[in-house]
Amino acid sequence: MIQRADDGCLIDLAQHVGFEFGKIASPRVDPPFWRKGMLKLFISHLATKKTEAGSLQEALLRFGISAFVAHSDIEPTAVWQAQIETALTSCEVLVALLHENFHASNWTDQEIGFAMGRGIPAFAVKFGEDPYGFIGRFQAFNGSRKSANILAREMFDAFRKNKQTQRRMAEIIVGLFEESESFAGAKERIGFLEELETWEPSFSSRIRSASKANRQISDSFGVADRVTDLIKRWKNSGKS
């Protein structure tokens, strides 16, 4: 009967017999492989696809997303399994790269199960293998013939809209705007701010201060005016 049951029934049964989701404690101090102030993303992938995972990891940094890739982030002297468990315990989102034979790995399904047990958002990217089992419930991206930069942007857009991650991403985008290092970067990031669907009162004062203190923002044509308009819009909405 269990083999024929759907995912919802299995979760209800697990809770009925005492299994509690989301109760795994996170480390008190962030491990060194996470970038400060960024979304913590665990990339579940086949060992043979570490190059593709590494390219995606690099592309995601532009969007304030720090990704853990086991085969590049684990120190040679570290206990391999313990480091992966630490990353799984402290990550905020999981993405599974579904290349052919993904399901045959001894580790990938365990990583996904760990994330689901914590109740964090999980996504899948199809690279020749369709989502299966529990992964079939994930929001899926089509990764075929897409560059790491395009895929990273699609993930960024999804995380901004996902109900579980949009508030966290709003905080991250404000931080990215404050740290703009070029005129072009300031213009791109004010665009991200204008598309936010959630807003905290502190955001208005932060971006106002940044537009005065950061020359890359203040001297970027039109950005300061867009900051003023954005603050006014949220003030009129009663959320600023």
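Mentor: A salt bridge is a side-chain nitrogen of Lys or Arg within 4 Å of a carboxyl oxygen of Asp or Glu. Keep that in mind for this predicted model.

Trainee: What makes the pair R160 and E195 a salt bridge?

Mentor: Set the value against the cut-off. The limit is 4 Å. The side chains of R160 and E195 meet at 2.7 Å, N to O. The pair therefore qualifies as a salt bridge.

Trainee: Which parts of the chain does the pair tie together?

Mentor: R160 lies in helix 6, and E195 in the loop between helix 8 and helix 9. So the bridge ties together parts that are 35 residues apart in sequence.

Trainee: Why is R160 called buried?

Mentor: Buried means under 20% relative accessible area. R160 has 11%, so R160 is buried.

Trainee: How do you know whether E195 is buried, exposed or partly exposed?

Mentor: Exposed needs over 50%, and partly exposed lies between the two limits. E195 has a relative accessible area of 47%, so E195 is partly exposed.

Trainee: Which residues are linked with R160 and E195 in a network?

Mentor: R153 and D157. Salt bridges link R153, D157, R160 and E195. Over the model, the count comes to eleven salt bridges.

Trainee: What makes R226 and E194 a salt bridge?

Mentor: Their closest N and O atoms are 2.7 Å apart. The limit is 4 Å, so the pair passes. R226 lies in helix 11 and E194 in helix 8, so this bridge ties together parts that are 32 residues apart in sequence. R226 is partly exposed at 29%. E194 is partly exposed too, at 28%.

Trainee: And how do you know that R215 is exposed?

Mentor: R215 has 56% relative accessibility. Exposed means over 50%, so R215 counts as exposed. R215 forms a salt bridge with D219, with the closest N and O atoms 2.8 Å apart. D219 is partly exposed, with a relative accessible area of 39%.

Trainee: Why does R189 have no salt bridge?

Mentor: The nearest side chain of opposite charge is E188, 4.8 Å away. Leaving out residues up to four places away in sequence, R189 touches R62, I173, L176, F177, E179, S180 and E181.

Trainee: Which residues of helix 11 are buried?

Mentor: V223, V227, L230, I231 and W234. They cover an arc of only 95° around the axis, which puts them on the same side of helix 11. The face turned away carries the exposed residues D225, K235 and N236.

Trainee: What covers the buried residues of helix 11?

Mentor: The cover includes helix 7, helix 8, helix 9 and helix 10.

Trainee: What makes a set of residues a nonpolar core?

Mentor: The residues must be buried, nonpolar, and joined through side-chain atoms within 4.5 Å. The largest such core here has 45 residues. Those with the most contacts inside it are L41, M155, F159, F177, L193 and I207. Helix 7 gives the largest share, seven residues. A second, separate core of 23 residues includes F42, L88, I120 and A124.

Trainee: What is L41 in contact with, leaving aside its neighbours within four places in sequence?

Mentor: Its contacts include W34, L60, I65, V93 and F159.

Trainee: What makes the phi of N101 stand out?

Mentor: Most residues other than glycine have a negative phi. Phi of N101 is near 75°, a positive value in a residue other than glycine. N101 sits in the loop between strand 3 and helix 5. At 51% relative accessibility, N101 counts as exposed, because the cut-off is over 50%.

Trainee: Where is R145, and is it buried or exposed?

Mentor: R145 is in the loop between strand 5 and helix 6. At 88% relative accessibility, R145 counts as exposed. R145 also has a positive phi, about 60°, although it is not a glycine.

Definitions and conventions
Residues are numbered from 1 along each chain as its sequence is written. This is a predicted model: local features need pLDDT of at least 70, side-chain atom pairs count only at pLDDT 80 or more; totals for chains, interfaces and linings use all residues. Side-chain values use heavy atoms; hydrogens and water are left out. Buried means under 20% relative accessible area, exposed over 50%, partly exposed in between (1.4 Å probe, protein chains only). Helices (H or I, at least four residues) and strands (E, at least two) are DSSP runs, numbered from the N terminus. The arc is that of the directions from the helix axis to the C-beta atoms. Contact means heavy atoms within 4.5 Å. Lys and Arg count as positive and Asp and Glu as negative; His and the chain ends are not counted.
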